Amino acid sequence: MNHKYLCPSCQGNRSRFYLIKKLAQEVRIDPNTGKIVWAADEWEDVLDDGELYLEVRCALCGYTSRENVFTQAAKNLGASNNLAID
Ligand SMILES: [Zn+2]
């Protein structure tokens with residue numbers, strides 16, 4: 001996985017991020033009581049079109065969105081904006 005990111009909010013951060021993935025656990029619930037009567041042993045990665053559902057959070061400004069928002073920002077602004085923040 002080699003994706004360049006750029007935060008579209010603060011537009012300066014290209015290097016410090018949190019990757020956020022979703023986990024799902026299948027459960028069966030008693031419709032009358034709301035009690036969980038069965039739960040799968042494992043939490044599974046949530047996929048989106050066969051790929052890991054991934055969000056990215058900017059470690060500087062906290063902006064959070066789908067990964068493609070960050071990769072698109074890196075593509076769109078990559079040529080004209082070379083700000084770097086350490
Ligand atoms: Zn940011």
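Q: In the hairpin of strand 3 and strand 4, which residue takes a positive phi?
A: This is a predicted model, and in that hairpin Gly 34 has a positive phi near 80 degrees. Six residues lie between the two strands.

Q: Is Ile 36 buried or exposed?
A: Ile 36 has 11 other C-beta atoms within 10 Å, so Ile 36 is exposed. This residue belongs to strand 4. Apart from neighbours within four places in sequence, Ile 36 contacts Val 27 and Ile 29.

Q: Which hairpin has Gly 62 with a positive phi?
A: That is the hairpin of strand 8 and strand 9, with five residues between the strands. The phi of Gly 62 is near 85 degrees.

Q: What is the phi of Gln 11?
A: Most residues other than glycine have a negative phi. Gln 11 is not a glycine, and its phi is positive, near 60 degrees. Gln 11 sits in the segment before strand 1. With 15 other C-beta atoms within 10 Å, Gln 11 is partly exposed.

Q: Where is Asp 49 found?
A: Asp 49 lies in the loop between strand 6 (47-48) and strand 7 (51-52). Its phi is positive too, near 55 degrees, and Asp 49 is likewise a residue other than glycine. Asp 49 has 5 C-beta neighbours inside 10 Å and therefore counts as exposed.

Q: How many helices and strands does the protein chain have?
A: The chain has one helix and nine strands. Read from the N terminus, the order is β-β-β-β-β-β-β-β-β-α.

Q: In what order do the three strands of the open sheet stand?
A: The order is 1-8-9, and the pairing is antiparallel. From one strand to the next, the twist averages 30 degrees.

Q: How many bridges join strand 1 and strand 8?
A: Five bridges hold this antiparallel pair.

Q: How many bridges join strand 8 to strand 9?
A: Three bridges join them, and the two strands run antiparallel. Arg 57 has Thr 64 of strand 9 as its bridge partner, while Val 56 is bridged to Ser 65 in strand 9. As a general point for reading such pairs, side chains in a regular strand alternate between the two faces of the sheet.

Q: Which residues make up the largest nonpolar core?
A: In soluble globular proteins, nonpolar side chains tend to be buried together. Here the largest nonpolar core has seven residues: Tyr 5, Leu 6, Cys 7, Val 56, Cys 58, Phe 70 and Ala 73. Strand 8 (54-58) and helix 1 (67-78) are the elements that give two or more residues to this core.

Q: Which residues does Cys 58 touch?
A: Leaving out residues up to four places away in sequence, Cys 58 touches Cys 7, Ser 9, Cys 10, Asn 13, Phe 17 and Tyr 63. Cys 7 is also, like Cys 58, a member of the largest nonpolar core.

Q: Is Lys 75 buried or exposed?
A: Lys 75 is exposed, because 12 other C-beta atoms lie within 10 Å. Its place is in helix 1. The C-alpha atoms of Lys 75 and Tyr 5 are separated by 8.4 Å, although these residues are 70 residues apart along the chain.

Q: What share of the residues of the protein chain count as buried?
A: Of its 86 residues, 12% count as buried.

Q: What share of the contacts links residues 24 or more positions apart?
A: Such pairs account for 62% of the contacts in the protein chain with a separation of 6 or more.

Definitions and conventions
Residues are numbered from 1 along each chain as its sequence is written. Helices (H or I, at least four residues) and strands (E, at least two) are DSSP runs, numbered from the N terminus. A residue is buried if 20 or more other C-beta atoms lie within 10 Å of its own, exposed if 12 or fewer, and partly exposed in between; C-beta atoms are placed from the backbone. Two residues are in contact if their C-beta atoms, placed from the backbone, lie within 7 Å. Two strands pair if DSSP finds at least two bridges between them. A nonpolar core is a set of buried Ala, Val, Leu, Ile, Met, Phe, Trp, Tyr and Cys residues joined through C-beta atoms within 7 Å. Axes are lines fitted to C-alpha atoms, for helices over the stretch in contact, and angles run from 0 to 180 degrees between N-to-C directions.
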